[in-house]
Amino acid sequence: MNYHQYYSVDVVNGPGTRCTLFVAGCEHQCPGCYNKSTWRVNSGQPFTQEMEDRVIFDLQDKRIKRQGLSLSGGDPLHPHNTSAILQLVKRVKTECPDKDIWLWTGYRLKELSEIQQEIVSYINVLVDGKFIQELYEPGLLWRGSYNQIIYRLR
């Protein structure tokens, strides 16, 4: 898996102070997407073991009280990303059990593959659905268009 950006301190992508990872790869390629640079799976830089360790370290850092981890992109549930994302969410739940995980995907909850469903079983909040330019509303909290649904899973 590759990623484009990692913010160790983010207050925009979910509630509270969070760590946020923007991964590479999106097959939805929604017109009007604000993050087109993340569409190609081979763009960005490799998500290494060192980067995974940094995410865990940042989530455990007591100097900044972080509420959790946000996963966006691209699309964290893109088939190219699922094994690395599954490993990451399992590790977060094991080593940082007090942190929540939010995940944004263009896939619909009812259409997920087996491995995508396994990933979702570890997260707290899923925001699903493609971005639809005609349904765009800048005032929507944590989503870009009205068709996107916020599922509170845990």
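Colleague: In which loop does glycine 74 lie?

Modeller: Please bear in mind that this is a predicted model. The peptide bond from glycine 73 to glycine 74 is cis, with omega near 25°. As for its place in the chain, glycine 74 belongs to the loop between β4 and α2.

Colleague: Is leucine 77 buried or exposed?

Modeller: Leucine 77 lies in the loop between β4 and α2. Setting aside neighbours within four places in sequence, its contacts include Thr82, Leu103, Tyr107 and Ile119. Residues under 20% relative accessible area count as buried. Leucine 77 has a relative accessible area of 0%, so the residue is buried.

Colleague: How far apart are the C-alpha atoms of leucine 77 and isoleucine 115?

Modeller: Along the chain, leucine 77 and isoleucine 115 are 38 residues apart.

Colleague: Which residues does serine 72 contact, leaving aside its neighbours within four places in sequence?

Modeller: Serine 72 is found in strand β4. Its relative accessible area is 9%, and therefore serine 72 is buried. Beyond its neighbours within four places in sequence, serine 72 is in contact with Leu21, Phe22, Val23, Tyr34 and Trp104.

Colleague: Why do the buried residues of α1 lie on the same side of the helix?

Modeller: The buried residues of α1 are Met51, Glu52, Val55, Ile56, Asp58 and Leu59. They lie on the same side of α1 because the arc that they cover around the axis is only 165°.

Colleague: Which residues are exposed on the other side of α1, and against which elements do its buried residues pack?

Modeller: On the other side of α1, the exposed residues are Glu50 and Phe57. The packing partners of the buried residues of α1 are β1 (2–10), β2 (18–23), β4 (68–72) and α2 (82–95).

Colleague: What distance separates the end C-alpha atoms of α2?

Modeller: Helix α2 has 14 residues, which should span 20 Å at 1.5 Å a residue. The model agrees with this expectation, since the end C-alpha atoms of α2 are separated by 20 Å.

Colleague: Against which elements do the buried residues of α2 pack?

Modeller: The buried residues of α2 include Ala84, Leu88, Val89 and Arg91. The elements against which the buried residues of α2 pack are β2, α1, β4, β5 (100–104) and α3 (114–120).

Colleague: Which residue forms a salt bridge with glutamate 52, the closest N and O atoms being 3.1 Å apart?

Modeller: The partner of glutamate 52 at 3.1 Å is arginine 91. This pair links distant parts of the chain, with glutamate 52 in helix α1 and arginine 91 in helix α2, 39 residues apart. Glutamate 52 is buried at a relative accessible area of 4%.

Colleague: What is the distance between the closest N and O atoms in the salt bridge of aspartate 58 with arginine 54?

Modeller: Both aspartate 58 and arginine 54 lie in helix α1, four residues apart, about one turn of the helix. Aspartate 58 is buried, its relative accessible area being 8%, whereas arginine 54 counts as partly exposed at 41%. The closest N and O atoms of this salt bridge are 3.6 Å apart.

Colleague: How many salt bridges does a search of the whole structure find?

Modeller: The side chains of aspartate 98 and lysine 99 also meet in a salt bridge, at 3.8 Å from N to O. Salt bridges that share partners join Glu52, Asp53, Arg91 and Glu95 into one network. For the whole structure, the number of salt bridges found is nine.

Colleague: Which residues beyond its neighbours within four places in sequence does cysteine 30 contact?

Modeller: Cysteine 30 is found in the loop between β2 and β3 (45–46). Its relative accessibility is 10%, so cysteine 30 counts as buried. Beyond neighbours within four places in sequence, cysteine 30 is in contact with Trp39, Lys130 and Phe131.

Colleague: Which residues make the nonpolar surface patch of about 260 Å²?

Modeller: One member, tyrosine 146, is located in the loop between β6 (125–128) and β7 (149–152). Tyrosine 146 is partly exposed, with a relative accessible area of 49%. The nonpolar surface patch of about 260 Å² is made by Ile132, Leu135 and Tyr146.

Conventions: Residues numbered from 1 in each chain as written. Predicted model: local features only at pLDDT ≥ 70, side-chain atom pairs only at ≥ 80, totals over all residues. Heavy atoms only, no water. Buried < 20%, exposed > 50% of the residue type's maximum accessible area, 1.4 Å probe, protein only. Helix = DSSP H or I, 4+ residues; strand = E, 2+ residues; numbered from the N terminus. Arc of directions from axis to C-beta. Contact = heavy atoms within 4.5 Å. Patch = residues over 30% accessible without salt bridge, like charges linked within 9 Å, V, L, I, M, F, W, Y side chains within 5 Å. Areas by Shrake-Rupley, 256 points an atom, 1.4 Å probe, with all protein chains shown as cover. Salt bridge = Lys/Arg side-chain N within 4 Å of Asp/Glu carboxyl O. Expected span 1.5 Å × (residues − 1).
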